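Try each task before you read its solution.

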2 protein chains.
Amino acid sequence: MKKMTLAIATAALMSAPAFAGDVEAGKAKSAMCAACHGAEGVSAIPMYPNLAGQKQAYLAKQLKDFRSGARKDPVMAPMAMGLSDADIDNLSAFYASLKP
Amino acid sequence: MKKMTLAIATAALMSAPAFAGDVEAGKAKSAMCAACHGAEGVSAIPMYPNLAGQKQAYLAKQLKDFRSGARKDPVMAPMAMGLSDADIDNLSAFYASLKP
C-alpha cells in the first residue's frame, strides 16, 4: 500500500508542470496586475494581453525587459521597476498556471 | 417563418466576435508564424508566446510595433517588415479567433 501511494505521488509530481517560481507567492503579488490583466489573467480591455496560460519563460522575459527598458511601455515600465527576480519568477509561474 | 430565420441570423451575427480582419486570409498568411507559434497558435517553445485567443487589438499593435521598431526583437522584426496593415489585421483576427 505504501509503495502504491509513493508511486502515485511520484507520478503526480512528475506530471505536474514545472514552473521556476512559486505560484502562490505570484498570486499574492498579482493584485496590481489584475486591474488591467484581469484577476484570472484574462483581460477585459482589448489593448491589454491575456496572461492566463501564457508561457512562463516568455512572461518572465517580458517583465525583465520592461524592467530594464529593453521593451518599452509607459504603463509596464513603472510596474516592473519594483519587481525582484523572484517576484518575476513567481508572477510568471502564477499566470502560466492559470487556465486560459 | 422568414421573420424567425431573419431574427436567428441577426442574433447569430450580433453575438459573433467582432474582428477587424479576415480570419481566413489571416490563416492563409500564418504559415511562417506557425514554425514558432504553433499551427494552432500554441507554441511548443517556452520562450515563444502562445497567440491563440489573444486579444486582437493587442496582437495588431505588437505586429505594428515590431514592424516600426517600437518593439525590438531580432526574430520578429524581419517577419513583420513585409506585412501590410491588412495582413496584420487578418493575422491578428486569425489568432484571436483560435481556442487557447
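Helices here are DSSP runs of H or I with at least four residues, numbered from the N terminus. With that in hand, and bearing in mind that this is a predicted model, let's start.

**Exercise 1. Write down the order of elements in chain A, from the N terminus on.**

Step 1: count the elements. Chain A has six helices and zero strands.

Step 2: Reading from the N terminus, you get α-α-α-α-α-α.

Step 3: look at how the chain packs. Of its 100 residues, 28% count as buried. Among contacts in chain A with a separation of 6 or more, 67% come from residues 24 or more positions apart.

**Exercise 2. Check the length of helix α4 (residues 56-68) of chain B against what its residue count predicts.**

Step 1: see what comes next. G69(B) follows the helix, with a positive phi near 90 degrees.

**Exercise 3. Find the buried residues of α4(A) and work out how they are arranged around the helix.**

Step 1: list them. Buried means 20 or more other C-beta atoms within 10 Å of the residue's own. In α4(A) that picks out Q56(A), L59(A), A60(A), Q62(A), L63(A), F66(A) and R67(A).

Step 2: look around the axis. These residues cover an arc of only 160 degrees, so they sit on the same side of α4(A).

Step 3: find their partners. The buried residues of α4(A) pack against α5 (76-81) and α6 (85-97) of chain A.

**Exercise 4. Work out how chains A and B are related, and which surfaces they use to meet.**

Step 1: superpose. A rotation of 180 degrees, with 0.0 Å of shift along its axis, puts chain B on chain A with an RMSD of 0.0 Å. The two copies are therefore related as by a two-fold rotation axis.

Step 2: count the contacts. 15 residues of chain B touch 15 residues of chain A. On the chain B side, these are seven nonpolar, five polar and three charged residues.

Step 3: compare the two sides. 100% of the interface residues of chain B are also interface residues in chain A, so the copies meet through the same surface.

Key: Residues are numbered from 1 along each chain as its sequence is written. Chains are lettered from A and ligands numbered from 1 in the order in which they are written. This is a predicted model: local features need pLDDT of at least 70, side-chain atom pairs count only at pLDDT 80 or more; totals for chains, interfaces and linings use all residues. Helices (H or I, at least four residues) and strands (E, at least two) are DSSP runs, numbered from the N terminus. The expected span of a helix is 1.5 Å times one less than its number of residues. Two residues are in contact if their C-beta atoms, placed from the backbone, lie within 7 Å. Ala, Val, Leu, Ile, Met, Phe, Trp, Tyr, Cys and Pro count as nonpolar, Asp, Glu, Lys and Arg as charged, and the others, Gly among them, as polar. A residue is buried if 20 or more other C-beta atoms lie within 10 Å of its own, exposed if 12 or fewer, and partly exposed in between; C-beta atoms are placed from the backbone. The arc is that of the directions from the helix axis to the C-beta atoms. Copies are superposed by least squares on the C-alpha atoms of residues with pLDDT of at least 70 in both.
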